Each structure stands twice: as C-alpha cells, then as structure tokens.
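Hello,

Here is the structure I promised to pass on to you. Please open it alongside this email, and then read on for what turned up in it.

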Amino acid sequence: MTLDELNALPADAAERTLRACGGSSRWVTAMLARRPFASHDALLAAADSAWHDLGPNDWREAIAAHPRIGDAFSPHSNAQAQAWSKQEQSGVAGTDSDSRFELAQANREYEARFGHIFLVHATGKGFAEVLQLCRERMLNSPEDELAVAGDELRKIARTRLEKLLGATEEERQ
C-alpha cells in the first residue's frame with residue numbers, strides 16, 4: 001500500500017488497516033483524524049504523537065489484540081495483524097521444544113504477576129533476548145511494567161505502519 005492509498009481509503013477500511021497496526025481504539029480514532037498524512041515521516045510522527053496521548057486502559061486494549069510471544073494467533077486481531085505477529089516473532093519460532101516450554105512458563109509467570117500477556121517489540125530479537133527481557137521486566141512494578149508494555153506497543157505500531165507502506169526508515173532517506 002502507498003501513502004496515497006492509505007490516505008484515500010474509506011474510513012471503515014482505514015480503521016481496519018490501522019487497527020492491525022495498533023490495537024487501541026483511541027489510537028485508531030486519533031490516526032483517522034490526522035489523515036491525510038503528508039509523508040511517511042508525518043505518518044510516523046502522528047502515530048507516535050497519538051500513542052503518547054494514550055493511557056493504561058488503551059494499552060490494555062492494545063495488549064489484548066496481540067498473541068502471546070510464541071503464539072501467532074489472537075482472537076482479537078485480524079488476519080493482517082496475525083501475519084505480522086508471526087513475522088515479528090520469527091526469532092523465537094524456530095526454538096526447540098524445551099525452549100518453547102521455558103518461554104511458555106515465563107509467559108504464565110508474567111501474566112500471573114501483571115494480569116496481561118508479556119509484550120515486546122520482537123522484531124529482530126531471538127529467543128534468548130526475548131526470554132531475558134521477560135525475566136528482567138518481572139522486576140518492574142505493575143504500573144511501571146504497563147508503561148513499558150505501552151511503549152513496546154508504540155514501537156510495534158510504528159514498525160507495522162512501515163511494513164504497511166513497504167518502506168523502512170533507511171529506504172525513505
């Protein structure tokens with residue numbers, strides 16, 4: 001999709017497209033209100049700005065739209081979001097069964113402590129790094145951890161917008 005195509009989408013189609021990038025209703029609404037975007041950089045700046053206006057309930061809604069690390073499916077996301085999740089988590093997908101068990105256990109412990117799934121911007125991260133981040137973040141207070149997860153969601157939304165438009169930051173410069 002090009003930026004012009006994103007700008008020209010009817011509101012309902014643009015909403016579905018943006019929801020695949022960031023699962024917060026308030027973020028999607030804010031992004032729709034900022035259309036049309038003058039450039040890729042303007043789109044990413046709008047995404048960051050809209051994300052910074054969100055709070056804990058918005059982050060929880062967005063978290064619910066993501067699968068657990070190690071899974072590719074969430075009942076609260078569309079096919080595009082699920083495909084992106086699978087791609088983003090490719091660094092942990094090829095691990096052996098013992099490692100998958102270890103990650104599943106870390107996910108359960110995290111969820112028991114914080115009440116939501118562990119979320120990390122997994123693009124480019126391997127199994128060991130993801131597991132280490134999960135363990136390190138278990139030391140956070142629930143409030144601090146939700147804010148960390150919120151920023152990880154911002155990074156994910158930004159990466160997905162770049163994927164949507166088929167251009168990386170390096171390609172735009």
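This is a predicted model: local features need pLDDT of at least 70, side-chain atom pairs count only at pLDDT 80 or more; totals for chains, interfaces and linings use all residues.

Subject: what was found

Ala14 sits in helix 2. Setting aside neighbours within four places in sequence, Ala14 is in contact with Leu9, Leu32 and Arg35.

Now for the overall picture. The protein has 11 helices and 0 strands, and its pattern along the sequence reads α-α-α-α-α-α-α-α-α-α-α. There are 173 residues in the protein, and buried residues make up 47% of them. If you take the contacts between residues at least 6 apart in sequence, 67% join residues at least 24 apart.

Next, the helix pairs. Helix 2 covers residues 11-21, and it packs against helix 10 at an angle of about 125 degrees, with the two axes 8 Å apart. That angle makes helix 2 oblique to helix 10. On the helix 2 side, the contact is made by Thr17, Leu18, Ala20 and Cys21, and on the helix 10 side by Ile156, Ala157, Arg160, Leu161 and Leu164. Sorted by class, the contact of helix 2 with helix 10 has 7 nonpolar, 1 polar and 1 charged residues.

Helix 10 (residues 142-165) also meets helix 5 (residues 56-64): their axes come within 10 Å and cross at roughly 60 degrees. Helix 5 and helix 10 are therefore oblique to each other, and helix 5 passes helix 10 in a left-handed crossing. Helix 5 brings Pro56, Trp59, Arg60, Ala62 and Ile63 to the contact, while helix 10 brings Leu146, Ala147, Ala149, Gly150 and Leu153. The residues in this contact of helix 5 with helix 10 divide into 8 nonpolar, 1 polar and 1 charged.

What about the interior? In soluble globular proteins, nonpolar side chains tend to be buried together. Here the largest nonpolar core has 32 residues, and Trp27, Met31, Leu43, Trp51 and Leu161 touch the most other members. The elements giving two or more residues to this core are helix 1 (3-8), helix 2, helix 3 (25-34), helix 4 (40-52), helix 5 and helix 10. Which helix gives the most to this core? Helix 10 does, with 8 residues.

Not counting residues up to four places away in sequence, Leu43 touches Leu3, Leu6, Met31, Phe37, Leu161 and Leu165. There is also a second, separate core of 12 residues, which includes Ile69, Tyr110, Leu131 and Cys134.

Where does Pro36 lie? Pro36 is found in the loop between helix 3 and helix 4. A cis peptide bond joins Arg35 and Pro36, with omega at about 0 degrees. Arg35 is also one of the residues in contact with Ala14, which brings us back to where this email started.

Enjoy looking around, and write back with any questions.

Best wishes

Conventions:
Residues are numbered from 1 along each chain as its sequence is written. Side-chain values use heavy atoms; hydrogens and water are left out. Axes are lines fitted to C-alpha atoms, for helices over the stretch in contact, and angles run from 0 to 180 degrees between N-to-C directions. Helices (H or I, at least four residues) and strands (E, at least two) are DSSP runs, numbered from the N terminus. Angles under 35 degrees count as roughly parallel, over 145 as roughly antiparallel, 65 to 115 as roughly perpendicular and the rest as oblique. A crossing is left-handed if the near helix is turned anticlockwise from the far one by less than a right angle, and right-handed if clockwise. Contact means heavy atoms within 4.5 Å. Ala, Val, Leu, Ile, Met, Phe, Trp, Tyr, Cys and Pro count as nonpolar, Asp, Glu, Lys and Arg as charged, and the others, Gly among them, as polar. A nonpolar core is a set of buried Ala, Val, Leu, Ile, Met, Phe, Trp, Tyr and Cys residues joined through side-chain atoms within 4.5 Å. Buried means under 20% relative accessible area, exposed over 50%, partly exposed in between (1.4 Å probe, protein chains only).
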